[in-house]
Amino acid sequence: MNLFCFAHAGGTTMSYNLLKRELKHPVNLILVELPGRGTRFSEPLLDNMEDMLEDAYANIKQMLNQGQFAFIGHSMGGRIAFEMAHKVYTKSRRLPEHLFISSAKVPHTMKSHRIHQLPDEQFFEQVYKLGGTSREIFDDHVLRNTYLPILRADFKALEWFESPINREPLDSAVTVLYGEGEPFMESEMSEWGTYFNSECTIKTFPGDHFYIFSQISQVSKLIMNTLLK
């Protein structure tokens, strides 16, 4: 089964190589790279969610015909995975067998505060508070000039995007994952269930917003057990 993986804001597919190695046959993790980073660094950045979804769909649509498939996304990638499921269904009337939504806020709880509009230093401080981002990125002139535009474009896309209203809940199965040190309440994350017709399974792991990288073994076991049962 192909499991398509969508990265966090500012992230690249390289960040998920360890997860790819942990997952075993027949689960094949396919890392979906957005323009302007990683293997597609030379391409212009996108700062609009609709454009991101269209780009990602164009890159995976042929592989969607290879049999059953599933989506996983972390943080911004979780929102992309959810919106991509709707896009795929609209285009082909097919759905992922399962969605793994990691550390992503429920669409209707997204705050109107838009940090992408802040000056560089204030913007970075807000991103830094999430965890997983080194201060070296801001302190090093080259790294700052490389990563801040990527982060700002991703946050702009996420913060300006509003899901279409009155959509039918998805029939895919869903598991919502997050770190125990995150400011999420289980009652809040369980609201993802209102967007699906199936039961919403909630799983927590030790760690903060980027728990997924310190808990790769446990996360991969959950994925394998879920998809192969």
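Analyst: The questions below go through some labels on this predicted model.

User: Why is Gly181 called exposed?

Analyst: The cut-off for exposed is over 50% relative accessible area. Gly181 has 59%, so Gly181 is exposed. Gly181 sits in the loop between β5 (173-179) and α7 (186-189).

User: What does Gly181 touch, leaving out residues up to four places away in sequence?

Analyst: Gly207 and Asp208. Contact requires heavy atoms within 4.5 Å.

User: How far apart are Gly181 and Ala70?

Analyst: In sequence, 111 residues; in space, 27 Å from C-alpha to C-alpha.

User: How do you know that the span of α3 is close to the expected one?

Analyst: Helix α3 covers residues 76-92, which is 17 residues. At 1.5 Å a residue, 24 Å is expected, and α3 reaches 24 Å from its first C-alpha to its last. After α3 comes Arg93, with a positive phi near 60°.

User: What makes α3 largely enclosed?

Analyst: Buried means under 20% relative accessible area. In α3, 13 of the 17 residues are buried, so the rest of the structure largely encloses this helix.

User: Which residues touch the most other members of the largest nonpolar core?

Analyst: That core has 51 residues, and the ones touching the most other members are Phe4, Phe6, Phe71, Met84, Trp192 and Phe196. Helix α3 gives the most to this core, with 7 residues. Another core, of 21 residues, lies apart from it and includes Leu3 and Ala70.

User: Which residues is Phe6 in contact with, beyond its neighbours within four places in sequence?

Analyst: Among them are Val32, Phe71, Ile80 and Met84.

Notes:
Residues are numbered from 1 along each chain as its sequence is written. This is a predicted model: local features need pLDDT of at least 70, side-chain atom pairs count only at pLDDT 80 or more; totals for chains, interfaces and linings use all residues. Side-chain values use heavy atoms; hydrogens and water are left out. Helices (H or I, at least four residues) and strands (E, at least two) are DSSP runs, numbered from the N terminus. The expected span of a helix is 1.5 Å times one less than its number of residues. Buried means under 20% relative accessible area, exposed over 50%, partly exposed in between (1.4 Å probe, protein chains only). A nonpolar core is a set of buried Ala, Val, Leu, Ile, Met, Phe, Trp, Tyr and Cys residues joined through side-chain atoms within 4.5 Å.
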